[in-house]
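Hi,

Here's the structure I promised to pass on.

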Amino acid sequence: QVQLVESGGGLVQAGGSLRLSCAASGSIASINTMRWYRQAPGKQREWVAHITSGGSTNYADSVKGRFTISRDNAKNTDYLQMNSLKPEDTAVYYCNADIRRLLSARSYEYWGQGTQVTVSS
């Protein structure tokens with residue numbers, strides 16, 4: 001089985017920083033694109049950022065210039081560095097990845113359980 005586990009969420013004041021991690025474990029052959037999504041109370045889940053296996057990145061306009069996504073392929077882990085946090089960044093953050101399991105010919109999409117980020121004003 002494959003698992004994604006997020007960590008690093010918490011409570012921070014506006015203007016502060018947090019670093020989220022997402023570690024993939026299990027019988028993994030390869031990990032393609034890794035993504036972060038977030039869902040604020042009463043709102044739909046929205047895409048935040050992604051990073052390809054080759055290191056190409058893209059960001060939602062709302063976080064561009066403040067958030068940085070990176071990955072350590074040797075550790076099957078990606079990171080979301082969040083700077084200049086705003087109260088509107090408050091949400092549950094979910095990691096997502098396209099993972100090919102050992103002995104599998106194709107990739108499947110996996111989700112983490114989510115980590116709460118709360119930004120106080």
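Predicted model: local features only at pLDDT ≥ 70, side-chain atom pairs only at ≥ 80, totals over all residues.

Below is what turned up, going from the sheets to the disulfide, the loops and the pocket.

**The four-stranded sheet**

Let's start with the open sheet of 4 strands. Its order is β1-β3-β8-β7, and the pairing is antiparallel. At the edges sit β1 (2-7) and β7 (67-72), each of which pairs on one side only. From one strand to the next, the twist averages 15 degrees. Inside the sheet, β3 and β8 are joined antiparallel over 6 bridges, and if you want a landmark for that pairing, L18 stands opposite M82 in β8.

Next come two hairpins in a row. Strand β4 (residues 28-39) runs antiparallel to strand β5 (residues 46-51), with 5 bridges between them.

The hairpin of β5 and β6 has 5 residues between the strands, and G55 in the turn takes a positive phi of about 100 degrees.

While you're in that area, take a look at N58, which is in strand β6 (residues 57-59). Its relative accessible area is 36%, so N58 is partly exposed. N58 and I69 are 11 residues apart in sequence, and their C-alpha atoms are 8.5 Å apart in space.

**β11 and its two partners**

β11 (residues 115-120) is worth a slow look. T115, V117 and V119 make up its covered face, while Q116, T118 and S120 are on the uncovered one. Strand β2 (residues 10-13) pairs with β11 in the parallel sense, over 4 bridges. Strand β9 (residues 91-101) runs antiparallel to β11 and is joined to it by 3 bridges.

With 66% relative accessibility, L11 counts as exposed. L11 and L80 are 69 residues apart in sequence, and 16 Å apart in space from C-alpha to C-alpha.

**The disulfide**

How many disulfides does a search of the whole structure find? There is 1, formed by C22 and C95, with their sulfur atoms 2.2 Å apart. This pair links distant parts of the chain: C22 is in strand β3 (residues 18-26) and C95 is in strand β9, 73 residues apart. The torsion about the S-S bond of C22 and C95 is about 60 degrees, so the disulfide is right-handed.

Are the two cysteines buried or exposed? C22 has a relative accessible area of 1%, so it is buried. C95 is buried as well, at 0%. The cut-off for buried is under 20% relative accessible area.

**Two loop residues with positive phi**

S84 has a positive phi, near 50 degrees, and is found in the loop between β8 (77-82) and β9. Its relative accessibility is 41%, so S84 counts as partly exposed.

L103 has a positive phi too, near 70 degrees. You'll find L103 in the loop between β9 and β10 (107-111). At 93% relative accessibility, L103 counts as exposed.

**The largest pocket**

Last, the pocket. The largest one has a volume of about 200 Å³. Its lining is made up of 13 residues, and R38, A40, K43, E46 and E88 lie nearest its centre. Which classes of residue line the largest pocket? The lining has 7 charged, 4 polar and 2 nonpolar residues.

Cheers

Technical notes. Residues numbered from 1 in each chain as written. Heavy atoms only, no water. Buried < 20%, exposed > 50% of the residue type's maximum accessible area, 1.4 Å probe, protein only. Pairing = 2+ DSSP bridges. Disulfide = S-S within 2.5 Å. 1 Å grid on protein atoms, 1.4 Å probe; cavity = no way out; pocket = protein on both sides within 12 Å on 5 of 7 lines; lining within 4 Å. Points joined across faces, edges and corners; volume = space filled by probe spheres on them. Nonpolar A, V, L, I, M, F, W, Y, C, P; charged D, E, K, R; others polar. Axes fitted to C-alpha atoms, helices over the stretch in contact; angles between N-to-C directions.
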